[in-house]
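Visitor: Please take one part and go through it closely. After that, carry on to a place where two chains meet.

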Amino acid sequence: MAGAGEAPVFVVAGGGARSALHQLRLAEGIRIVATPRHAAVLLIVGRVTEAATESIRHVHDQMAGPRVTVAWGHPEPTAVPVRAATDGGVAEATELIRRQFHNVVNGVIAPEPVWLPDIDPVEWRGVGPYGHGGAGMTGGTPYGRPLALRAPARDGLELDVLPLTVGPWFPALPAGLALRVSFQGDIAQVVEVVSADLVGFESPGGVVARTGEPLLIRDLELARARHHLEWMADTFRLAGIDRLALAAGRLAASIDPGDSALVDRLATGARRSLLGPMSLRGVGVLPSDIDLSGLGPIARAAGRDDDLRATEPAYREIGFEPVTHHGGDAWARFEQRAAEAVQAIELAGRAGDRRAFGAGEIEGPDGRHRVGEPTPATRLVTHLEQMLTGLEWGDLVTTVQSLDIDMESVTVGRAAA
Amino acid sequence: MNPGALSYVLVSVFGVGAVVSGWLVFRTDSMLRAAYWLMVSFVAVGAMLVVLDAQFLGLILILMMSGEMTIMAIFMIMFMMNPAGLNPMVMVHQNRTAIAAGVGSFLVLAWVGLVAEFPDRPAPIDDPTAELGEELLGRSMLVFESAGVALLAVMIGAIALAAKRGRFGDADAGSVEPAIDIESSVDPAVEAVADADHADDADDHGAGHGMGHGT
Amino acid sequence: MIQLLLVFAAAIFGIGVYGALSQQSFVMIMMGLELMLNSAVLVVITFWWGTTGGNPAGQLLVIVVLAVMAIEAAMGFALVTAVYRSRKADITEKLKKLRS
Amino acid sequence: MTVLGVVVQVAAVLIGGAYLLAVADRLAGGGSANVLAALAHPIERASFLLLQPVTTTERPDLPAWILAPSLLAGLAAVGAVPVPIGGPSAAGDISAGLVLFGAAMLIVLVAVFIFGWAPNSAMPMIGGYRFAAMVLSIGIPFSLVVLTTAIPAESLSVGVIVESQSNLWYIVVQPLGFVIYLVTAAAIAFWGPFDLPEGADLAGGIAAEAAGPRLAMWRLAQAALMVTLSLMGAAVFLGGYHGPVLPGWGWTLLKTALVLLVLASTGRTIARMRVQRLVWFGWVVLLPLALVDVFVSGWIAL
Amino acid sequence: MVGIGAALVVFVATLIAVGVLQWVWAAAGEHDFAVPERVPFAGGAEPEFHAWNRFHIRYYAMALLFLAFDMEMVFMYPWAVVFVREGALALIEMLMFILILVVGMVYAWREKSFEWA
């Protein structure tokens, strides 16, 4: 009975896994959960680097059990010992996950043991006068860890600050992004990006390397629309609108060039679900000293008419005009991406076999990619600390999500620089 | 008024519960537990009121105290060091005097309660809530309205005191943290172990935080 | 019955006295005070029920005690916050030295 | 009806309602349009959760962690006791029933807060504190609109309130109150657009560290709480057991199911609210509206 | 009185039933957790500190406001019961009371107590 239901899966998503993962979310019989405690299957999808091993082991051991690990599109040598692997499509992956789940729950295969050593990391017993780890009420390491530190706060109450590394596989943040957050209450008083390049990349040059010769506008625009729709699905999921998230995911998996009516309906649905007033409006406004040029939808959502496509003759032939929105907050970015998805589908319908870009630069879905220049995601990550400081945790997550940071692109940008 | 055996049983159970949980408030290291033991004590007293036919007052006591005790837990966790009691907590002074005072007041009050003769005029059981409402809106209207004014004063006062910025600038502007050594002010009656612990805590307060103790 | 209730009330009051006198931190002292008020509620209702023939003023008195509790709690917490903000002190010993 | 009868009745209504809610939630989430699969889904999930071990963390407050689901379930059950289901003169009738219900719903805050606090983990703890902010903001409007139904009935007894609606359901004179009730009820059951304590940004929030039977019990208790809130909403606003043709209990259950389905359908179709906006919304929008509801209803009742 | 007794029985019975269910199942799946299994989840990195700290709530002024409004509820319950009997006078008295409290609410709003400090 237990093995018949949906397989609860916790996902470690590496490079090149974005679309595959979105398709997996649509599959019957799979439930992607937010915490390993609720999961029985650990899915490693896409490329992760050697540096990610430790964190994957942590996540694995935090699963409640019975647990099993499955790899999908995850090239050898694997960072961790996986039970089963596939390089096939979504159907194969779904089948494999469900079979492994069924087997481990019903005792056909043995549950996996822990991967990390089973030893107390810190010696603490018997140190203080009560054997509690240290002297005084706040000293020492009771139960193996110290207590949080006292620190001044912006409202003048010098209470505790709790430094905590969130990520790299925290479900609400981009996969591979680890933030070291100093929590004071639920406010992130200090934010640092822990950069370890955990996510591997598919091709070392990223999007730009594939632009040796001009690209078909039709393919480029469909990819853009798909990217934006997948982003919208993630945004809906973060806001708890599961029905729309599924609709956006289905739409992303089956876009028809020229048929943008469904995307329009999706945007209308988002407005009806009060996404703007309830959770996005007024969140994630960027500081004014950040250079927006080349940041694509983010810049255009702040009213900047900044688009490489406007300089391409082929685009002008099919009547391209950049869309912009005002406000520069998370809601403006949502409206911007929805409008760009509509526009991209229409452009793809009109493009025929026209080609554009190819001189080492391209207007990607997340902004300008140019040879020798950091990718938009790389630039955004360097600004994260400044942008996220002082935000309430929910607003912080919304802000990061609205920026659409792909850690694979960050790794590529760092490797190129 | 002829309270049945069941009333005696219930009053005894809830009474013992109220006293024990009230005592546990001061016997636990965790601030969360302290606040919620106090709430249990209030809930037990509320249940006793219900047994005494003051159903409305008993339930309203529970309603009010559940909200108030959560706020108390929040503030206690906010301001007490080591709020979860991960290290043992000793934060008492003049312990013996306090125990003597507590026991003494219990004995005196219990004695008064046991020996004094009270008139026996039991409450008729009709609708005490309605009576209370009529009292509030009739004879005691002034009590009711002045409670409103008092609550307004409390709201404004509490916000003015607690908030960071007020009409006259930052709340802590111009204040200085006193340089003190706490040992000299600790009551000698405190037990030796508590004293040792306490000196450490004083250090914590003075020198930032106790993180450096192990080193 | 009345005697039983009064003994319980006395016990709660005694614990409250102990708490208010022995605790060092402001918030714990407030808990002692609240316990004393708790016992006051019990005593008032005991008398209301057993000796006054259900005089509604007794119920009103309980409501007043509840209001006192709420006011004490709100002002207490606000004061703790204000003192902590300016002096970083959460225990009474530190307040003895407030005069500079 | 004896005390045992009340126990059985409450248990049956809450468990049945919880099952209905789980199925409706499944269908509303859009995961599957297959009704049969949705009917099997809660049972499959429960059987998996009961198979998992109960996880723990390094140094949890274990008594609090065990107590929290029990307390939540107990509060949901006790809140359902004062509601008459079959008709007048139910054994569960309590003269201050509304106060009992209000107290139980406010103590939900305690259950959720300690459930978030207990595992000694950052995300659940933030979830618990968020819920405190929510309840402190919407608790007063919630109590006010429930109380408003007592004005025309001149009693705090739910039985009397339902009985006094034989001619006119209170939703007709207090539509605003009913809307506020639905909004605040969803918030108290941390459901729908108000599931902030277990929002996606907290990776499961208060329940992030819980697994196995403890999580199953927590989910059951939450669903039972939703049923209790729907039951009370059906009783004080929709006339409870009043209605033609069907027997009294049929009407009560039908109306409860209706309220439950409304809450289930909005749960996953409206975006989650930011906590700061919710605090503002509770105090600046809901509280004045609830006060308006009180005085308008009072004016009508005169 | 039967009703309130039933409420007590229902509450205690549910409390015990759910508690025992948790306990029975936990005992049935008796499991000695390894150290890495007990690390709190934060996305794969190991926390350095205990999460329990002096949690800095940002809505403390609002929490204090709640205390006052909670008290207001206490007055409203008996008022609601006798309201129809007492008539317009009751309406006016309560309106005065509420208006006084609303002043406090507006003050708190103006002092930005509903925003994170």
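Guide: In chain A, five strands make an open sheet, ordered β2-β1-β3-β4-β5, with parallel pairing. Strands here are DSSP runs of E with at least two residues, helices are runs of H or I with at least four, and both are numbered from the N terminus. Two strands pair if DSSP finds at least two bridges between them.

This is a predicted model, so local features need pLDDT of at least 70 and side-chain atom pairs pLDDT 80 or more, while totals for chains, interfaces and linings use all residues. Residues are numbered from 1 along each chain as its sequence is written, chains are lettered from A and ligands numbered from 1 in the order written, and side-chain values use heavy atoms, without hydrogens or water.

Strand β4 (residues 68-72) of chain A runs parallel to β5(A), joined to it by three bridges. Here Trp72(A) stands opposite Thr86(A).

α2 (residues 53-62) of chain A touches β1 (7-13), β3 (41-45) and β4 of chain A, and its direction makes about 155° with that of β3(A). Contact means heavy atoms within 4.5 Å. Axes are lines fitted to C-alpha atoms, for helices over the stretch in contact, and angles run from 0 to 180 degrees between N-to-C directions. Helix α3 (residues 90-105) of chain A lies across β1, β2, β3, β4 and β5 of chain A, at about 170° to β4(A).

Next, the meeting of chains D and E. Here 77 residues of chain D contact 58 residues of chain E. Together the two chains bury about 6100 Å², 80% of it on carbon and sulfur atoms. Buried area is the accessible area (1.4 Å probe) that two parts lose on being put together, summed over both.

The rule finds one salt bridge across this interface. Glu154(D) and Arg85(E) form it, at 3.4 Å from N to O. The rule asks for a side-chain nitrogen of Lys or Arg within 4 Å of a carboxyl oxygen of Asp or Glu.

On the chain D side, several helices each supply at least two residues, among them α1 (3-28) and α5 (122-148). α12(D) gives the most, with 14 residues.
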